[in-house]
Amino acid sequence: MTALTQADAARTDTPRGQTRQPGKTSDAPVPLLPGSLTWRDFGTHLFTLVLPQAFILQVSHPVINSAVTVEKKYLYDPWGRARGSLELLWPVVYSRPDRAIAMGHKLRELHRQIKGTDARGHKFHALDPEAYSWVHLTGFAATMTLHELFGAPLSAEERARHFDEWKQLGALLGIKPRFIPQTEQAYWQEYNRIIEQRLDADNEALRDLLDKDHFAKWPVHPALEGKLPRWLWRLLMTAPSRMAHIITKATLPERFREKAGLRLSGTDRFIFRAFVRLVRTLHPLVPEKYRYLPLAWEAIEDARQHPQAYRLPANT
C-alpha cells in the first residue's frame with residue numbers, strides 16, 4: 001500500500017498527484033500533492049539510506065564545503081542539524097499547499113543568510129547558483145539509486161513522473177529554471193559534469209564524513225543524554241557506523257568513487273549485497289505507518305482525513 005491510495009488521490013483536483021508544470025498558467029511555484037511519487041518516497045525511512053551519499057556529493061562542492069566547515073554542525077551538533085533539515089525541507093513536500101509554498105520560500109531565505117569567509121580565506125554564499133542547485137540535483141539521482149537498490153523498479157512512466165516532480169520541487173525551492181535541467185538526458189550530463197569538473201576529491205568535510213567511525217563520534221542522542229556514558233554510546237555505535245560507511249561508499253556514483261579513490265573491498269561488496277537483500281525482504285513486511293518519518297506520516301494522515309485541504313484552485 002502506498003502513502004495514499006488511488007481513491008484518496010482521486011479526491012484532489014490533480015488526479016493521482018500528477019505534476020503540474022510551473023509556469024504553464026502561472027509563475028508561482030506549484031506544490032506537490034498527495035498521491036505524487038514524491039509523497040510516496042521522500043518521507044520514508046528507506047530514503048534515509050541514500051541521504052548520506054547525497055550529502056557526501058553536496059559537501060564535495062567547494063562552495064558547500066566552505067559553508068559547512070565554518071561551524072561543522074555535521075560533526076559537533078549532528079542531531080540539531082538533522083532536526084533542522086527535517087523541520088525545514090520535508091514540509092516543503094509534506095504540508096498543505098499554502099504552507100508548502102511558504103516553507104520553500106523560508107528555506108531559500110534562510111540560505112540567503114549563510115555567507116562568509118572560510119578558514120582558507122575563500123568567500124562563500126549558500127545561494128551561489130551552482131552550489132544551491134547542486135544540492136537539489138543530488139536528489140533525483142538519490143531517488144533513482146533508492147529504487148535501483150532497495151525499492152521496487154520504476155516503470156518508464158514512473159521515472160518520467162519522478163523527474164517532473166523533481167523539477168517542480170526545484171521551483172518550490174526557488175531555483176531558477178535555467179539552473180534546472182529540463183530533460184533527464186540534460187540532467188545526467190550536468191550531474192556528471194559537476195562530479196568530474198567541479199567536485200573536490202578530498203576536502204575537510206569529506207575527511208570527516210568518510211571516517212568509518214564518523215557516526216560513533218556523534219554526541220549521545222539527546223533522548224539518552226545523562227543516561228548513557230559517552231564511552232558506551234561510542235562502543236554501541238561502532239558497528240552501525242562502519243555499516244553506514246559501507247552503505248555510503250556503495251551507494252555513491254562510481255564516477256565519484258573513482259575520483260575520490262574510494263575502494264569497495266570484496267568483503268564490503270558481500271556485506272552490502274546481504275544488506276540489500278535483507279532490506280528488500282523485510283521492508284515490504286513493515287506496516288505502512290512505520291515506513292515513514294513521523295512528520296511525513298502526520299501529513300499523509302491529514303491528507304486522508306481532509307482531502308479538500310489539498311485541492312488546488314482550478315486555475316493553478
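Is R242 buried, partly exposed or exposed? R242 is partly exposed, because its relative accessible area is 38%, a value between the 20% limit for buried residues and the 50% limit for exposed ones. The structure discussed here is a predicted model.

**Salt bridges**

- Side chains of opposite charge can pair when their charged atoms come close.
- The count of salt bridges in this model comes to 21.
- One of these joins R242 to D213, with a distance of 2.9 Å from N to O. This pair links distant parts of the chain, since R242 belongs to helix α12 while D213 sits in the loop between α11 (204–209) and α12, 29 residues apart.
- The two partners do not fall into one burial class: R242 is partly exposed at 38%, whereas D213 is buried, with a relative accessible area of 13%.
- Salt bridges with shared partners also bring E130, E190, R193 and R198 together in one network.
- Another salt bridge is formed by R40 and E158, whose closest N and O atoms are 3.4 Å apart.
- D164 and K167 form a salt bridge in which the closest N and O atoms are 3.6 Å apart. Both residues belong to helix α9, where they are three residues apart, or about one turn of the helix.
- D164 is partly exposed, with a relative accessible area of 25%, while K167 counts as buried because its relative accessibility is 12%.

**Aromatic pairs**

- The whole structure contains 22 aromatic pairs.
- W79 and W233 make an edge-to-face pair, with 6.3 Å from centre to centre and 65° between the planes. W79 is part of helix α6 (residues 78–93) and W233 of helix α12 (residues 230–251), so the pair ties together parts that are 154 residues apart in sequence.
- W79 counts as partly exposed because its relative accessibility is 22%; W233, at 7%, counts as buried.
- F163 and W166 form a stacked pair, because their ring centres are 5.4 Å apart and their planes meet at 25°, an angle under the 30 degrees required for stacking.
- F163 and W166 are both found in helix α9 (residues 156–172), three residues apart, which is about one turn of the helix.

- D302 lies in helix α15 (residues 294–305). The residue is buried, because its relative accessible area is 18%, and the limit for a buried residue is under 20%.
- The side chains of D302 and R96 are joined by a polar contact of 2.9 Å.
- Leaving aside residues up to four places away in sequence, D302 touches R96 and Y310.

**A nonpolar surface patch**

- L278, L282 and L285 make a nonpolar surface patch of about 310 Å².
- Among these residues, L278 lies in helix α14 (residues 266–282) and is partly exposed, with a relative accessible area of 48%.

Terms used
Residues numbered from 1 in each chain as written. Predicted model: local features only at pLDDT ≥ 70, side-chain atom pairs only at ≥ 80, totals over all residues. Heavy atoms only, no water. Patch = residues over 30% accessible without salt bridge, like charges linked within 9 Å, V, L, I, M, F, W, Y side chains within 5 Å. Areas by Shrake-Rupley, 256 points an atom, 1.4 Å probe, with all protein chains shown as cover. Salt bridge = Lys/Arg side-chain N within 4 Å of Asp/Glu carboxyl O. Helix = DSSP H or I, 4+ residues; strand = E, 2+ residues; numbered from the N terminus. Buried < 20%, exposed > 50% of the residue type's maximum accessible area, 1.4 Å probe, protein only. Polar contact = N/O pair within 3.5 Å; in protein donor to acceptor, adjacent residues only side chain to side chain. Contact = heavy atoms within 4.5 Å. Phe/Tyr/Trp six-rings, centres within 6.5 Å; stacked < 30°, edge-to-face > 60°.
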